[in-house]
Amino acid sequence: MPTALIILAAGQGTRMNSDLPKVLHQIAGAPLLVHAMKSGASLAPDRTVVVAGHGADQVKAAALDWDDRVQVALQTEQLGTGHAVLQARQALSGFQGDVIVLYGDTPFIAPETLEKMIAARQHHAVVVLGFQAADPGRYGRLVMTGDVLEKIVEYKDASEAERAITLCNSGVVAADAQTLFDLLDAVSNDNAAGEYYLTDVPGIARARGLTATVVTCDEAETLGIDTRAALAQAEGIFQTRARTEALDNGVTLQAPDTVIFAHDTVIGRDTVIEPNVVFGPGVTVESGARVRAFSHLEGCHISRGAIVGPYARLRPGAELAEDVRIGNFVEVKNATLATGAKVNHLSYIGDATIGAGTNVGAGTITCNYDGVMKHHTTIGERAFIGSNTMLVAPVEIGDEAMTASGSVITEDVPAGDLAVAREKQTNKTGLARRLMEKLRVIKAKGLN
Ligand code: UD1
């Protein structure tokens, strides 16, 4: 059975106290919306419709950035969750199959939970995701008879007896697309909030002789983010899980609580991550590598046996082959380093290709930017770049070539050659001592 996702993301999120639409606040380097899209993606949906309203242009851009097949429907006025779902109807015209409604501010719904809901759909027209709430507060209450969901009652509209129910509505619903839209057509806004409630759907389904049921999940999955405090809590939950997962996968974390993961970090077994390492998005580390303390990595790939840091910065496009060494205070961006290449101290390597076994001396800089355009530096195999070399790109250094320390290299260096591009040294006999004596005399006479 084909499935489609409708992700509600039109709300402003006033309590975030932010200019940014709520669903674009990030956990582990990805917007909340992307987390919701990722949990839904486990169902391999045929279509995904994001319902945007507040900050729709930004929300649309973020959704498409993650998945360019996503459709975005506009809800110009936020008239309620039922109204929001109806805005996706046109985008889903012609679609036959199940729809699951998710929320752009609810990042932790587990794929297995959604699979359970789809499985329950075989026997019930409407399936709602519920949870036993520790503090039911203002959640919608699920009114059950056995395993039949009779209706959902919003807190504002609930009687005392209904408010005593602890089985609560997560908001996530699954139903056949046609059925869901037909039922939503019958939803009115005659309630305490004056909104078109999606939660009226099960009751209307029951009145029409259709069946509705509840699949339950852990309350933690249903955490919705509407304050900065909840965002911080969610970040903590994500990080705790990511650390546990890394440890379970055979990664050594010397101080797990100090390592920050991104939503998509991949680390192979027997890799060691030292304290205070930050992974931005898009990092893959193969097995048996070591990332030393205080390194910051994003958009890069580290191969088996490579050692990075301490205090290294790998930026997008840094591609390290096996046994590469990147040392302290080295920044690498959009650069490929072949097997065994070393850049051990205080260097900037940007827009470059470095051959196998090449050693780049301390303080070397690839001068890649002329103020307008970026240029490439190519260094061959087994080359030796002397300390404090400025490689003014575009420039090419051949295999087994050398540059003298302190050189400013503006022309290509053929393979096997030594390039010296600095002022030749002259020693002035005794001048240092004479100069010092003169300066001391000036100071003593107070003439300075
Ligand atoms: C909703 C449920 C409630 C459930 C709770 C779980 C309804 C009527 N109530 O209440 O039973 O316990 O979720 O968190 O559905 N949104 C739109 N457009 C709208 C209205 C809402 O996109 O017109 C989005 C919001 O951005 C938000 C989400 O839908 O992310 C939930 O809406 P909200 O009005 O906050 O519902 P709750 O009061 O949380």
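In this predicted model, Phe 294 sits in the loop that runs between strand E17 (290-291) and strand E18 (296-297). The phi angle of Phe 294 is near 65°, a positive value in a residue that is not glycine, and with a relative accessible area of 41% Phe 294 is partly exposed. A positive phi in a residue other than glycine also occurs at Asp 323, where the angle is near 60°. Asp 323 belongs to the loop between strand E22 (318-320) and strand E23 (325-328), and its relative accessibility of 39% makes it partly exposed.

The bond from Gly 309 to Pro 310 is cis, with omega near 5°, and Pro 310 lies in the loop that links strand E20 (307-308) and strand E21 (313-314). The bond from Ala 393 to Pro 394 is likewise cis, with omega near 5°; here the proline is in the loop between strand E31 (390-392) and strand E32 (395-397).

Thr 265 is found in the loop between strand E12 (252-253) and strand E13 (266-267). Is this residue buried or exposed? Thr 265 counts as buried because its relative accessibility is 19%, and the limit for that class is under 20%. A polar atom of the Thr 265 side chain lies 2.9 Å from the backbone nitrogen of Ala 262, and, once neighbours within four places in sequence are left aside, Thr 265 is in contact with Phe 279, Gly 280 and Val 283.

At the level of the whole chain, the division is into domain 1 (3-222) and domain 2 (228-419), whose centres, taken over C-alpha atoms, are 43 Å apart. The contact between them draws 14 residues from domain 1 and 13 residues from domain 2. Together the two domains bury about 1100 Å², of which 62% is on carbon and sulfur atoms. On the side of domain 1, Met 16, Ala 28 and Phe 108 lose the most area to domain 2, together accounting for 46% of what that side buries.

Which kinds of polar interaction cross this interface? Zero salt bridges are found between domain 1 and domain 2, whereas five residue pairs are in polar contact. Strand E2 (26-27) and helix H1 (32-41) are the elements that give two or more residues to the side of domain 1 touching domain 2, and H1 provides the largest share, three residues. By class, that side has seven nonpolar, six polar and one charged residues.

Notes. Residues numbered from 1 in each chain as written. Predicted model: local features only at pLDDT ≥ 70, side-chain atom pairs only at ≥ 80, totals over all residues. Heavy atoms only, no water. Helix = DSSP H or I, 4+ residues; strand = E, 2+ residues; numbered from the N terminus. Buried < 20%, exposed > 50% of the residue type's maximum accessible area, 1.4 Å probe, protein only. Polar contact = N/O pair within 3.5 Å; in protein donor to acceptor, adjacent residues only side chain to side chain. Contact = heavy atoms within 4.5 Å. Domains from an automatic or database assignment. Buried area = accessible area lost by both parts, 1.4 Å probe. Salt bridge = Lys/Arg side-chain N within 4 Å of Asp/Glu carboxyl O. Nonpolar A, V, L, I, M, F, W, Y, C, P; charged D, E, K, R; others polar.
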